[in-house]
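The structure under discussion is shown below.

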Amino acid sequence: MGAENALYIILVEKIRQDALVLPTLPEVALKVRQAADDPEISLGKMSEIISHDAALSLGMLKVANSVAYGREVKTESVSKAVTRIGLRQIKSIATAMAVEQMFVSDNPVIDEYMRSSWQKTVAVSSVAIALMTIYLQKNKQTPLTLETLTLSALIHNIGVLPILTEAEGHPTVFAKPAFLNKAIVKFSHIIGAEMTKAWGFSEDYTELVLSWNDLSFLPKDVHYIDFIRAGAVYHEIFKNESTRDFLLRSYVDKGILPKLNFMASAEFSDVLVKARAMF
């Protein structure tokens, strides 16, 4: 338990002293986010920004040609990909692609953890996006948006990144699953909330990252957290079966799920496949 406690102490002390090095969002993602917030931005200008980054360009083409956008004719043009996807979704997708590039490590144990964490995030996000896609079809007056949900889902567990990075700096002591599991459970939401602040995201994102897995917080009205938690239920991230049942019943009551076993239906599976294809 000594090494485990030491990692806890290091993280707590760095958080307390505001000395924990938080990953910065890559420059191209910042430019895309800033451009998307500009009411005067054109599709042509956005295409130009994206074209300067080869990885982002290829990623946008992959998304535009995915089954999620239902086009038989493939495009090899960034400008056409941007037009197909739309400015609103591009902001979230570009952020997701930039974040994914951070989840790599030279340490085999840490690298496996990072890749696993990202895949789990994508899995939860895909379910959340699929559910909201269906929900929006029947609730057109809701203030909730798919773009906000997409970004919320993709950063909901972002706090694992600094923890794994810290462990990477002390591999012989901390790069062990038993230590990492407990550190992630205990600190990832706190550190993730700090990352959203450092990245200049709104307070709503900070609150979501801080409380998505705090089941004492149960929003009365339909909330982005509900969709993310539904993804966690689907993938059994919440280990307690009664907790999963309780959440599912509450989502039926809220109208997020048409019926209790909806996520086992063919209808949902079809939408989930399309959502997953975006990544």
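## Salt bridges and a helix contact

Lys91 has a relative accessibility of 18% and therefore counts as buried, the cut-off being under 20%. The model is a predicted one.

The partner of Lys91 is Asp37: the two form a salt bridge in which the closest N and O atoms are 2.6 Å apart. Asp37 lies in the loop between H2 and helix H3 (43-51), whereas Lys91 belongs to helix H6 (residues 87-100), so this pair ties together parts that are 54 residues apart in sequence.

The whole structure contains 6 salt bridges.

| Salt bridge | N to O distance |
|---|---|
| Asp37 and Lys91 | 2.6 Å |
| Lys31 and Glu27 | 3.5 Å |
| Lys45 and Glu48 | 3.9 Å |

Lys31 and Glu27 both belong to helix H2 (residues 27-36), where they are 4 residues apart, about one turn of the helix. Glu27 has a relative accessibility of 54% and so counts as exposed, while Lys31, with a relative accessible area of 42%, is partly exposed.

In helix H3, Lys45 and Glu48 are 3 residues apart, again about one turn of the helix. Lys45 counts as partly exposed at 39% relative accessibility, and Glu48 is partly exposed as well, with a relative accessible area of 41%.

The other topic is the packing of helices H7 and H13. Helix H7 (residues 108-138) packs against helix H13 (residues 224-234) at an angle of about 125 degrees, and their axes are 8 Å apart. The crossing of H7 past H13 is right-handed.

On the H7 side, the contact is made by Val124, Val127, Ala128, Leu131, Met132 and Tyr135. H13 contributes Tyr224, Phe227, Ile228, Ala230, Gly231, Ala232 and Tyr234. What is the division of the residues of this contact into nonpolar, polar and charged? In the contact of H7 with H13, 12 residues are nonpolar, 1 is polar and none is charged. Gly is counted among the polar residues in this division.

Conventions: Residues are numbered from 1 along each chain as its sequence is written. This is a predicted model: local features need pLDDT of at least 70, side-chain atom pairs count only at pLDDT 80 or more; totals for chains, interfaces and linings use all residues. Side-chain values use heavy atoms; hydrogens and water are left out. Axes are lines fitted to C-alpha atoms, for helices over the stretch in contact, and angles run from 0 to 180 degrees between N-to-C directions. Helices (H or I, at least four residues) and strands (E, at least two) are DSSP runs, numbered from the N terminus. A crossing is left-handed if the near helix is turned anticlockwise from the far one by less than a right angle, and right-handed if clockwise. Contact means heavy atoms within 4.5 Å. A salt bridge is a side-chain nitrogen of Lys or Arg within 4 Å of a carboxyl oxygen of Asp or Glu. Buried means under 20% relative accessible area, exposed over 50%, partly exposed in between (1.4 Å probe, protein chains only).
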